[in-house]
Structures are given as structure tokens and as C-alpha cells.
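Hi everyone, and thanks for coming. Let's have a look at this one together, and please keep the picture open while I talk.

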Amino acid sequence: MTKPLYTIDDVLAATGGRAEGVVAKEINSISIDSRELGPDALFVAIKGDRFDGHDFVDTALGNGAAAALVSEGRSAGPGRIVVADALGGLRDLAVAARARSRAFVVGVTGSVGKTTTKEALRVVFEAAGATHASIKSFNNHWGVPLMLARLPQEAQFGVFEMGMNAPDEIRPLSKLVRPHVAVITNIAPAHLEKLGSLEAIAAAKAEIFEGLEPGGTAVLNADHPQIQLLLDAAQAAGVGKVVTYGFSRGVDWQIVDPQTAAEQSFATVLHEGQSHALALGVSGRHMLANATAALAVASIAGIEPAVALKALAGFGAQPGRGQRTLLGPADKPLLLIDESYNANTASMTAALEVFGSIAPSGKKVLVLGDMRELGDEADRLHASLAGVVQSSGATSVHLVGSHVAALAEALPAGLVASRSQGVEQAIDTIIADLAYGDAVMIKGSNGVGLARVVSAVTARFKDS
């Protein structure tokens, strides 16, 4: 019989809270969104950047929440569990969930590829046992506690993504998660606005080592110049073991003979004198690297390579991160590549290289948005993409945002089909430039809002 996620007494013991008019006896899900409540839900009224959950407590209870976790003095009435601070209470539940868990726990961070690597790990672990993993990109100061608080007692594996845009943000998250393995996928020019240099980014990512369980392992991508900084940081943090992976010579898990096709990637992975045939249902060298990280972690967890490789063979791109959709008639569809969730120079380059391998019957159209949080280097880094944009074989390029102006200046004038400050001004022009048989890739930082372009293109072309 499956145990409840928590009894109400468990919640009170973990948080030091008091129950006011709570009738429910157990909690089986936790939510911070009053519109999305699972069974026997505990609604946690955290205060976000745009909304305060305390304004939605009554709505959550009316929608069927078993109870609401609220801050002292912020919400009165039955069905409340009152604590000093709701977010602090959520962290307390996360601590309790981790303390009782016997799962093999992995923490993942990095400038590029952390969500995809987390998903690759989820796929592999699910082939071996009961697995709990972060959803979406819930990787910040409230997302990580929320994901950890949801960790079921019976889970055998747990995978948690950790993000940051400033120093001292990953450290407390890692100390909360207490991973047995810490993965750093890459160091790239993201969050330069607050961190200033690649070295500072590497140092901030290395904070994940400080939460490692005693004897834990660091798994590091070695295909970047900051690898020695990470190795030094791991040693300084007393990391028990370091495992490296990537295309570089001399790493513990080396990727050789990479091959990419329209929707597949293949490579041989060498480890301790053995070779493993890696096949993925997604294109790109970066995807091979992400999957190899999962293969390495699986080995540390005691999962046979054959099990991991079989699971990874069914692994594909995620929404907003390279997911491909064929729209319209089967004999002449529009290929939509959704890369709308995030962007920095490393992920842009990787995505554009994949786009370059595509040969549609019609045009190749790019929709590129600003890469955010690059600070003083923003214009230079946007302009630096001109070469790889041209090499992709794009026949027209639509640019959305302010910093893409520097890219527009660096590209041949005839290649830039349009440039807009915002998404709404761009949508009609982009759709008018598309036809069945074309291929379009849409990529930019999430804050630009290019997901709306993806939705608009899908709505226009999904019916033949």
C-alpha cells in the first residue's frame, strides 16, 4: 500500500505550524498554483515576483485543496496550517522529505543543458526503479524546495535541477537537496550581467559541491576552458570522487565518432576500456553530451549500461528545447523546431548547427530573439552569432528584441526579413513568410516570449 506523502501531523511536526480548522488527515500532493491542485493537495501560499499566494488561499480551498500552508497574520479561516513564513515552511517540508528518503539523489546545474540532462536522467532512472524528478524548470529558491518536498518516501531515485543568475544561489539549494552526485553540464556566457565573467559563472556553479553527501561524486563536462577551475573547486570542497565526460581526450567517459541526422544522433562512448553504442531520438552533439552525462551517472548509481542505453534510445527533445513538430499535410509538412525556452551563445550555436543539417523542400526560416542577462557583452555576443547563422543555410531571419540589432548589423542585409522590438509586432510577418514544406526554428530567451510565436505558427499550420 502506498504511503501518503505526509500526514497532517507530519506537516505540523516538520514546520512547527498549527492547524486551524483542518479536517483532512493526509496530504498527497503539494502545489503553489490554486488552479493546479493534485489529490489531497496542500496549497502553499508563497509570495512570488508577480503574485502573492495568500490572495488565492480561498480559491485553492474552494478548488478542493485539503489545506493551505500560510504565513502568520496573512490569511485567516478554516483549512489553514499557519507558520511563520510559508516559503520557510515549504523548505521545512523539503528538509523532512530528504531526511526520510533512501533515494539515490542527483543534482544538476550548468549554463546549458541542465534541463535536458535532468530529463535524460529521469528516463534512465525510470527504467530502473521508482523515480521522482523536477518538472519544467522548477530550479530556483522556491522551485527546488517544492520539488524536494514532493519527493515520495518510496522513491528509489531523485533528480533535481538547480539554477542561478547570481552568486550564493546554488549553495543553499544544494545543501537542501544533499545530492549523492552533482552534475555540471557546461560553463557558457549566461548571466554575465550579474556575474561578469566565465570564471565567476564557473565558481557559482561549483557551489553545488558544497551540498554533496560525504563520499559523493562530481560529474563534470570537460569540454570548456573552465574545467580546471571546477576540478580545483571540487578538490577544495572535499569532493570524494570526480568523473569527467565529453568529446575531449582523456576524460572518463569519452564521446567519439559522433553522427547526427535529422532526428537522430549516434556515437560511441568509451569508458574503462569498454565501448558503448549510444543512439538518441534527437539530433545534436550537445544532446550526445547530455546523454553521456546520464550514462555516467547511471553507472555510479549501479545501473547496467545496457539498461541506460536502451532507455536513452527513446529519449527525445523537450518542448521549448528542440522539440520538432510536423504541421499540415503529410506529403509536404511545415517543420517547426521549438527552441523558445532559453538562449545563450552556446545553446544558440548548438541549435543553429543542428538546423544547418536540415534540408527541407522549401525555405529555411529562423526566428531569433534576444539572449538575456549578458550585461555589457550583450551586443558583441549577439553579433558573434552571424557566422553560424549564415552557415545554417537560413534563407530568411526574423529578429525579435533589442540586442538582436547588433546581429542584424552583422548579417547580410538581404538575409534579415524583419526586426521587431516585441513578439506581437512580429507574429503576422513571420507567419506570412512561412509555407508548407518550409522549416522554421524559433529560439530566444524565455523572457522574450517566443513561445507565443510557436503557438501562433502551430495554430496556423496544424491543419492541412
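Let me begin with a helix pair. Ala 120, Val 123 and Val 124 in H4 meet Ala 308, Ala 311 and Leu 312 in H11, where contact means heavy atoms within 4.5 Å. By class, that contact of H4 with H11 has six nonpolar, no polar and no charged residues. For the classes, Ala, Val, Leu, Ile, Met, Phe, Trp, Tyr, Cys and Pro count as nonpolar, Asp, Glu, Lys and Arg as charged, and the others, Gly among them, as polar.

A quick word on what you are seeing: this is a predicted model, in which local features need pLDDT of at least 70 and side-chain atom pairs count only at pLDDT 80 or more, while totals for chains, interfaces and linings use all residues. Residues are numbered from 1 along each chain as its sequence is written, and side-chain values use heavy atoms, with hydrogens and water left out. Helices (H or I, at least four residues) and strands (E, at least two) are DSSP runs, numbered from the N terminus.

Back to our pair. H4 covers residues 114-126 and H11 residues 305-312, and they pack at about 120° with their axes 8 Å apart. Axes are lines fitted to C-alpha atoms, for helices over the stretch in contact, and angles run from 0 to 180 degrees between N-to-C directions. H4 and H11 are therefore oblique to each other; angles under 35 degrees count as roughly parallel, over 145 as roughly antiparallel, 65 to 115 as roughly perpendicular and the rest as oblique.

Now compare another pair. Helix H1 (residues 8-15) and helix H3 (residues 86-100) pack at an angle of about 110°, with their axes 8 Å apart. That makes H1 roughly perpendicular to H3. H1 brings Val 11, Ala 14 and Thr 15 to the contact, and H3 brings Gly 89, Asp 92, Leu 93 and Ala 96. These residues divide into four nonpolar, two polar and one charged.

On to the sheet. What is the order of the strands in the open sheet of six? The order is E17-E18-E22-E19-E20-E21, with mixed pairing. Two strands pair if DSSP finds at least two bridges between them. Strand E17 (323-327) and strand E21 (416-420) are the edge strands, each pairing on one side only. Neighbouring strands are turned by 15° against each other on average, direction ignored.

Helices pack on this sheet too. Helix H12 (residues 345-356) touches E17, E18, E19 and E22, and its direction makes about 175° with that of E22. Helix H17 (residues 451-461) touches E17, E18 and E22, at about 160° to the direction of E18.

Let's zoom in on E20, residues 396-400. Four bridges join E20 to E21, and the two run parallel. In these, Val 400 stands opposite Ser 420, and Leu 399 has Arg 419 as its bridge partner. E19 and E20 also pair in the parallel sense, over five bridges, with Val 365 opposite Ser 396.
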